[in-house]
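Here's a quick briefing to read with the structure open beside you. Grab your viewer and follow along.

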Amino acid sequence: MAYNTKSAALTLAARGFRVFRLLPGSKYPLSKKLGQTEETWPEEATQDPTKIEKLWGDKPYNIGIATGDCFVIDIDVKGEKLGISNAKMLDLNFDTYTVETPSGGLHLYYKDGGLATSAGKLAPGIDTRGIGGYVVAPGSVINGVPYKVTQRHELAAVETWVKETIGKGATSSKNKAGEALGDDNE
């Protein structure tokens with residue numbers, strides 16, 4: 001099945017997300033050989049449809065969403081990780097824009113900006129993407145399996161206790177943005 005990632009990127013940008021290109025079939029930003037390095041993806045992230053049309057052209061790039069303006073809780077279920085169980089025990093707000101990952105995990109999107117990117121700070125199997133971070137967006141495909149929107153709700157506000165636990169993000173965290181993304185084969 002072929003996916004039109006440019007169309008998906010345009011839809012996401014119209015919804016207010018800043019999108020950028022990832023390697024086709026991958027979770028990672030383009031390589032220097034293709035004109036982009038991991039350090040430049042934050043500058044490429046855009047909501048401008050003209051720029052998206054030009055950047056994607058007819059290539060099947062996967063889509064990244066730069067976080068920081070929004071906040072994403074990444075719930076992991078790969079291997080022995082109990083992210084969904086832990087998220088339910090924490091009583092996280094699931095009534096928000098939600099994306100299912102190819103491994104069966106979830107990305108819960110919130111409208112809060114300025115929060116930190118972290119790995120396991122809320123609980124095992126639960127990471128966060130805020131300032132300097134990114135997530136793989138719906139419309140992207142890993143090993144033939146797409147990221148899919150499961151709830152098209154408006155972005156909810158994140159709970160106060162989550163904000164207090166995670167804290168404010170710093171732009172220096174952008175160098176760790178891909179940390180905890182995992183191998184594309186997982």
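Let's start with a contact between side chains: Arg-18 and Asp-69 meet in a salt bridge, at 2.8 Å from N to O. Arg-18 sits in strand S1, while Asp-69 belongs to the loop between S2 and strand S3 (71-75), so this pair ties together parts that are 51 residues apart in sequence. Keep in mind that this is a predicted model.

**The Arg-18 to Asp-69 pair**
- How exposed are the two partners? Arg-18 is partly exposed, its relative accessible area being 23%.
- Asp-69 has a relative accessible area of 51% and counts as exposed, since the cut-off for that class is over 50%.
- Arg-18 also has a place in the sheet, where it stands opposite Ala-66 in S2.

**Other salt bridges**
- How many salt bridges does the structure hold? The total is 7.
- One of them joins the side chains of Asp-58 and Lys-59, with 3.9 Å from N to O.
- In that pair, Asp-58 is exposed at 70% relative accessibility, and Lys-59 is partly exposed at 46%.
- Another links Lys-78 with Asp-76, where the closest N and O atoms are 3.5 Å apart.
- Buried or exposed? Lys-78 and Asp-76 are both buried.
- That contact belongs to a network of salt bridges linking Asp-76, Lys-78 and Lys-81.

**The sheet**
- Which strands make up the open sheet, and in what order? There are 3 of them, running S1-S2-S8, with antiparallel pairing.
- Strands S1 (18-22) and S8 (134-136) stand at the edges with a single partner strand each, so one side of each has no neighbour in the sheet.
- From one strand to the next, the twist averages 35°.
- As background, strands of a sheet pair through backbone hydrogen bonds, in a parallel or an antiparallel way.
- S1 pairs with strand S2 (residues 62-66) over 5 bridges, in the antiparallel sense.
- On the S8 side, S2 is joined by 3 bridges, and those two strands run antiparallel as well.

**Strand S2 and its two faces**
- How many residues of S2 are buried? The count is 5 of 5, which leaves the strand mostly covered.
- In a regular strand, side chains alternate between the two faces of the sheet.
- In S2, Asn-62, Gly-64 and Ala-66 point one way, Ile-63 and Ile-65 point the other way, and all are buried.

- Helix H1 (residues 5-14) lies across S1 and S2, and runs at about 20° to S2.
- Helix H3 (residues 49-56) packs on the sheet too, where it touches S1 and S2.
- The direction of H3 makes about 5° with that of S1.

How values were computed:
Residues are numbered from 1 along each chain as its sequence is written. This is a predicted model: local features need pLDDT of at least 70, side-chain atom pairs count only at pLDDT 80 or more; totals for chains, interfaces and linings use all residues. Side-chain values use heavy atoms; hydrogens and water are left out. Two strands pair if DSSP finds at least two bridges between them. Helices (H or I, at least four residues) and strands (E, at least two) are DSSP runs, numbered from the N terminus. Axes are lines fitted to C-alpha atoms, for helices over the stretch in contact, and angles run from 0 to 180 degrees between N-to-C directions. Contact means heavy atoms within 4.5 Å. Buried means under 20% relative accessible area, exposed over 50%, partly exposed in between (1.4 Å probe, protein chains only). A salt bridge is a side-chain nitrogen of Lys or Arg within 4 Å of a carboxyl oxygen of Asp or Glu.
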